[in-house]
Amino acid sequence: MDSIQKQSAYLKTLFFLLFIGLGISSPFFGIFYKHVIVHADGTPAIGLIGLIFFVMPLVSLIANIPAGILADKFHSGKHLITLFCFGVAIFAALIGLVGEDFAHDWTANGKFIYIFVLLLFLNGFFYPIIPMLDAETLLFLNKHFRREFYGAYRLWGTYGWSVSTILMGGLLFYFRHAPLIFYCTALAFTVLGFVAWSGIEAKPTTAPIVIPWSHLKKDILFRWFLLFVFLHGVVTASSFTYTGYFFDDVLRSPLEIGFILGTWAIFEIPVMMFSRELIDRFGNRWLIVSGLLLSGIRLILFSFFTLETPFVWKWAASLLHGPGYGLSQLGIIDFVDRRAHPEMRATYLNITTVARMSLASALGGILGSMLIERWGSAFLMQFCGWVTIAMIFFFVFLIRRHGRRG
């Protein structure tokens, strides 16, 4: 029993530290690019920034599925998480250097090339980490408890996100030094790597297994689900990728940005706490539908923000993110785990991540930059909000079952 409790605490700690790294990085990367990749007149090179957001998610096409297969075949998920965390840390530190004074005279194209090449390596290490941690957690829960308790573990990620985004906003407000975004990212993933390493068992791993590919070939419902998460991923990427960029236009300081990003997950906490009850009562299908509705309303409300809008209204609208994201995430994870073969959990989750994060995010990144360049960031939020709500009808028509297996 002690070993089970230690493994439980270990997984919760990994979620907490991983989302500290995510909170420091993903919402603020757009701000770093906006202030570093600039033309001679000081305006952001939005075309080059959009190219980064278009290409980088494609890296997961190369990284995720092989990582998932290796994790399943050799039961090596924790080893790979450790390796990938150290890889992210190294390349994040190197990217931060381009924001220092010695690179001040570099052209926008020169900075772009430097950042672009290093981001290829950074994202190659980064993208497999989340689905592999999800897979390790679900393997543990299916063996010792129930998969519906996933939310109690993912909840620690919410805590990590809230702490780190507020802290990062405060650091940027106080120091006003954009490279801190990447330096703090490097520190966070270094710590995560050492903690992940500490939980690797000393005993020999079990023999490699034969991946049951026939299970995936016969899973038609899962393939329809992949189409849905791909289309939804395009819309999500268009809005979330440029959230920091948009907030930089309508909020008055990085401190306000960090506060909103850190507290908008407050109502994700009860969703994750009661994940078992929600899944048992409503099923994963209706959790996803509810999450889509709340996320769509939030983005539409965002589109009405200006610098003059009272901060309290901006904060209130942002609070819809917590239940919107939380319900969708619970539903998606539960659906995928129910469809997955017991020996293919990491593979299934990585395939889902590829559908949501690779080509979808790439298209979303370039679509977002085009819409911002033509109509502005507020229009992008409104467009993504209405499309997210429209996706409810697509999902209800496309996925007519909850994903349960006998």
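Predicted model: local features only at pLDDT ≥ 70, side-chain atom pairs only at ≥ 80, totals over all residues.
**H4 and its two partners**

Let's start with helix H4, which covers residues 77–96. It packs against helix H5 (residues 108–126) and also against H6. The table puts the two pairings side by side.

| Pair | Angle | Axis separation |
|---|---|---|
| H4 and H5 | about 165 degrees | 8 Å |
| H4 and H6 | about 155 degrees | 10 Å |

What do those angles tell us? Anything over 145 degrees counts as roughly antiparallel, so H4 and H5 are roughly antiparallel to each other. With H6 at about 155 degrees, H4 is therefore roughly antiparallel to that helix as well. As for handedness, H4 passes H5 in a left-handed crossing, and the crossing of H4 and H6 is left-handed too.

Now for who touches whom. On the H4 side of the contact with H5 you'll find Leu-83, Phe-84, Gly-87, Val-88, Phe-91, Ala-92, Leu-94 and Ile-95. H5 answers with Tyr-114, Ile-115, Leu-118, Leu-119, Phe-121, Leu-122, Phe-125 and Phe-126. Sorted by type, the residues of this contact come out as 15 nonpolar, 1 polar and no charged.

The contact between H4 and H6 draws on Gly-77, Lys-78, Leu-80, Ile-81, Phe-84, Cys-85 and Val-88 of H4. From H6 come Ile-129, Met-132, Leu-133 and Glu-136.

**A look at H6 itself**

How far apart are the end C-alpha atoms of H6? The answer is 23 Å, which agrees with the 22 Å that its 16 residues (129–144) should span at 1.5 Å a residue.

Helix H18 runs over residues 359–375 and includes Arg-374. Is Arg-374 buried or exposed? Its relative accessibility is 62%, so Arg-374 counts as exposed. Gly-385 is 11 residues away from Arg-374 in sequence, and their C-alpha atoms are 18 Å apart in space.

Gly-385 belongs to the buried set of H19, along with others including Ser-377, Leu-380, Met-381, Cys-384 and Phe-395. H19 itself (residues 377–398) has 22 residues and reaches 31 Å from its first C-alpha to its last, close to the expected 32 Å. And what covers the buried residues of H19? The cover includes helix H10 (220–241), helix H11 (243–250), helix H14 (275–302) and H18.

Technical notes: Residues numbered from 1 in each chain as written. Heavy atoms only, no water. Axes fitted to C-alpha atoms, helices over the stretch in contact; angles between N-to-C directions. Helix = DSSP H or I, 4+ residues; strand = E, 2+ residues; numbered from the N terminus. Parallel < 35°, antiparallel > 145°, perpendicular 65-115°, else oblique. Left-handed = near helix turned anticlockwise from the far one by under 90°. Contact = heavy atoms within 4.5 Å. Nonpolar A, V, L, I, M, F, W, Y, C, P; charged D, E, K, R; others polar. Expected span 1.5 Å × (residues − 1). Buried < 20%, exposed > 50% of the residue type's maximum accessible area, 1.4 Å probe, protein only.
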